Each structure stands twice: as C-alpha cells, then as structure tokens.
Amino acid sequence: MNGLLTIGEFSRITHLSVKTLRRYHESGLLEPATVDAFSGYRYYDTHQVTTAQIISRFRSMQMPERDVRAIMSTPDPDARARLITEHLTRLERQLDDTRSAVTALRRLLAPSPPAIDVRRVFSETISVAAISEVVDASDVLGWYSDAMAEIDAAVSGTTGPPGGLYDNELFTEGRGEMTVYVPTDLAPSSGRIQPLAVPPVELAVTVHHGPHDDIDVTYGALGVYVETNGLAIAGPVREVYVVGPRDTEDATLWRTEIGWPVFTATSATP
C-alpha cells in the first residue's frame, strides 16, 4: 500500500519488535493505520513513528501499559502531565528505596563494620505532649509526619528534642502502638494530643548517625549488644531525635538516639 509501512518495516524504524507491535495492537495501545481485510497484514503510517517512540520511552521507564494507554488517549495536556508526574514520583520513590538498600548493604558487607558505642543510663521522668495510636508498620512514616505536625501546631515552649516510643509488636507483628512526643511542661489536651509522663527506666543507648536508610543496621548492632551482655528487653524502644529533619535538611548531620529499656536477665534456678 502506497505511503504505508509493513509491520516489519515499522519495526526496523521504531526498534519495537514485531511481537511487541502485535501485542500493542491487541491491547489497543498502538493500532495500525490499517489492516488488510483479506490477509490480516498490519500497515502503519509514517506519522505513527513518533507515537511509537513515545510509547517506547514510557515503557523503558517501567510505566505499565495501562498507564501509557491512559496518557496516549488523554487529549487534555494537564491530565497527561499529571499522569506522567505521578509515575515519575513513583520512580523517584523506588530509586530512593534502592539507594537505601545499597547504603545498608555497603555497611553490612564492609570487611570491618564500625562498632557502635553503647552506654547504660537511667533516664528521668519526662513530661511531654504526646500522640499515641496503634499503627501498621507500613504507615509509620506518614503517621509520624502527621502526628508531629499536629503537635507542632499546638505546642510551644518545648524543653528538649522530640522523641518516640515504639512497641515491640510494631516490629514483630507489623502492627503496634506508637507514641511521638515533644518534651514540655505545658502539654495541652487537644485533639489527639495528651499530656504524658514518660517513666524512668534503665536504657542501653546508642546513637545512629546520618539518614535513616540503614537505621535497622544500628538496631541490629544494639540488639546484639543487649543479647551478648545478658540483658533482656523490658518495654518499648525509645528514639530521641537529637538532630533531625526538623533541624536541618542535611541528613548527614542527623543524630538519633536509640534506647532499649533493659534489665539484667538471670537464669531460673532448678
């Protein structure tokens, strides 16, 4: 047919395989300009080359075919831009997750992993303004951000850095009680915020330096210390955000104190 390309010619021009072009036709993502009624041969117009290349770019960015189809079939440029932005945001999140995993692996696979400093301390009672709820582990970051924003809007005159209490079930069962707080002598009862006295306890404390990408590695090292020193865990883990995102955007400067309430474990006598 004059002015039209066979599927093989179109494949060579666009670098999309014949198999892929057939699948795109069947799914409605990229339909040929015409299909011969007798032979079933597919023919493409040269104007479709750019469309095919756009589709190829989206697919190389791991965009699902249904999303590509939605973009290609949407005449509204603002709607197209929104769909593309949403996908780019997902890619950035995946990239951040990959970077976090690489950071942790490098630390774990180092020939001589850096030793952590652990100190045993007896904490004092702290008066705080707190929000406590049972949270799924997958929702921790979002819940923390919302809760801290609510506290910040209602509390002034803090007396120390913010912190959190995390029940063991949050780690072992994937769901548990979580408390975030700021120390203050004037804690209001407002919305979800309630005054709370964080009780004194003996803690095994270490400091995690930098972003939280590999904070689980620090947790693991502290857990090994607790076990090898004949200690037992006696309550929810405590975190104090000595320097955090509220203080600086430079994550390398962040300092997070991790404290496990402990007591000396003794074997039962027969």
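Trainee: Which exposed residues does α6 carry on the face turned away from its buried side?

Mentor: Leu 141, Asp 146 and Ala 153 sit on that face of α6. Exposed is over 50% relative accessible area and buried under 20%, with partly exposed in between (1.4 Å probe, protein chains only). Helices are DSSP runs of H or I, at least four residues; strands are E, at least two; both are numbered from the N terminus. This is a predicted model, where local features need pLDDT of at least 70 and side-chain atom pairs 80 or more, while totals for chains, interfaces and linings use all residues. Numbering starts from 1 along each chain as its sequence is written, and side-chain values use heavy atoms, without hydrogens or water.

Trainee: Which residues of α6 are buried, and why are they on the same side?

Mentor: An α-helix has 3.6 residues a turn, so residues three or four places apart point the same way. In α6, the buried ones are Val 140, Trp 143, Tyr 144, Ala 147, Met 148 and Ile 151. They share one side of α6 because their arc around the axis (from the axis to the C-beta atoms) is only 120°.

Trainee: What covers those buried residues of α6?

Mentor: The cover includes the strands β5 (126-136), β6 (163-166), β7 and β11, plus the helix α7. Contact here is heavy atoms within 4.5 Å.

Trainee: How far does α6 reach from its first C-alpha to its last?

Mentor: With 15 residues, α6 reaches 21 Å, close to the 21 Å expected at 1.5 Å a residue. The expected span is 1.5 Å times one less than the number of residues.
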